[in-house]
Amino acid sequence: MIKSMKARSRIANTVIYVFLSVLGVIWLLPIAWLLLRSFQETPQVLGNPVAWINTILPESYSFRNFTRLFTETGQFNYPQWYLNTFVVAIFTCLLATSLVLMLSYTFSRLRFKARKGFMNVGLILTMFPGFMTMIAVYHILKAFGMEQSHVSLVLVYSTTAMLAQYILAKGFFDTIPRGMDEAAMLDGATKNQVFWKITLPMSKPIVIYTALISFMAPWVDFIFAAIIMRDNYDKYTLAVGLFRMLEREYISTWFTRFCAGAVLVAIPITILFVISQRYYVEGITGGSTKG
């Protein structure tokens, strides 16, 4: 009986592992294809399987697509787009992380009449897809003379992150015993000192998680950046600029450089996740234990 149960368990595990392996291969195929195309010498969009295999051979390796992105900037200024995206992502990360932590700490520790009402409103707003309000947001920014501005992107990304992430951060702060706050205040500490010197040092996982998500959103966003920047090529972010490379009149000559540019886009995000993976997981699991 026991042997038959173990045999069934092994078969079930084998089926699960095979299924997950197939899903993993399917998930990795587009990434591998993109990486191979970024080293391809010829700029053609399509090719036969033999051409794909030849790109992985040592004699076919070439960094020409990567170098041309940064040297041939007359038509598409990839270095400028990279800088634009980096600046927007950094300022969004700083502002959004500060807003999320302050708001979530306020809802976690302070008690006031409108507290539940504000939390309910914030929860309802997060249920609406962001693209539904993009046109309205664009016209509001235009009325203030802030269209085609990176400041607009920072403000919108930061406020969106604040609404989307404060509930998770609040849940994490709820797991920190309030007795520590009360003990510090009995010793003469203010609420501001309690937050900066006691609560925040104990909240490294949620701080890193919030910073990662806040940085990643503007780094990969396309829709809102395209609406705001429209035809201002010099202020494009990477997502918008790379999409322009795929337009009908450019794709035949820029496709492999598009692949190289996409690979370079993934590098900072990959490095950040590898370095702070442990804190990222702790931030998610810690913030989901309490509401």
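Student: Among contacts in the chain between residues at least 6 apart in sequence, what percentage join residues at least 24 apart?

Tutor: First, this is a predicted model with residues numbered from 1 along each chain as its sequence is written, where local features need pLDDT of at least 70, side-chain atom pairs count only at pLDDT 80 or more, and totals for chains, interfaces and linings use all residues. Side-chain values use heavy atoms, with hydrogens and water left out. Contact means heavy atoms within 4.5 Å. Among contacts between residues at least 6 apart in sequence, the share that join residues at least 24 apart is 77%.

Student: How many helices does the chain have?

Tutor: Helices (H or I, at least four residues) and strands (E, at least two) are DSSP runs, numbered from the N terminus. Reading from the N terminus, you get α-α-α-α-α-α-α-α-α-α-α-α-α-α. The chain has 0 strands, and its helices come to 14.

Student: Is Asp174 buried or exposed?

Tutor: Asp174 sits in helix H7, which covers residues 150-174. Buried means under 20% relative accessible area, exposed over 50%, and partly exposed in between (1.4 Å probe, protein chains only). Asp174 has 15% relative accessibility, so it counts as buried.

Student: Which side chain has a polar contact of 2.6 Å with the side chain of Asp174?

Tutor: A polar contact is a pair of N or O atoms within 3.5 Å; within protein, one must be able to donate a hydrogen and the other to accept it, and residues adjacent in sequence count only if both atoms are side-chain atoms. Asp174 also has such a contact with the side chain of Lys170, at 2.7 Å. The partner at 2.6 Å is Ser108.

Student: What word describes how H8 and H9 lie to each other?

Tutor: The axes of H8 (residues 178-186) and H9 (residues 191-199) come within 10 Å and cross at roughly 125°. Axes are lines fitted to C-alpha atoms, for helices over the stretch in contact, and angles run from 0 to 180 degrees between N-to-C directions. Angles under 35 degrees count as roughly parallel, over 145 as roughly antiparallel, 65 to 115 as roughly perpendicular and the rest as oblique. H8 and H9 are therefore oblique.

Student: How many nonpolar residues does the contact of H8 with H9 have?

Tutor: Met180, Asp181, Ala184 and Met185 of H8 meet Lys191, Val194, Ile198 and Thr199 of H9. Ala, Val, Leu, Ile, Met, Phe, Trp, Tyr, Cys and Pro count as nonpolar, Asp, Glu, Lys and Arg as charged, and the others, Gly among them, as polar. This contact has 2 charged residues and 1 polar, and its nonpolar count is 5.

Student: How many residues of the contact of H4 with H10 are nonpolar?

Tutor: H4 (residues 78-109) and H10 pack at about 145°, with their axes 8 Å apart. The contact includes Phe86 and Val100 of H4, and Phe215 and Trp219 of H10. None of its residues is charged, 5 are polar, and the nonpolar ones number 15.

Student: What is the relative accessible area of Leu200?

Tutor: Leu200 is in the loop between H9 and H10 (204-220). Leaving aside residues up to four places away in sequence, Leu200 touches Leu101, Phe195 and Val207. Leu200 is buried, and its relative accessible area is 18%.

Student: What is the phi of Gln148?

Tutor: Most residues other than glycine have a negative phi. Gln148, in the loop between helix H6 (134-143) and H7, is not a glycine, yet its phi is positive. The value is about 55°.
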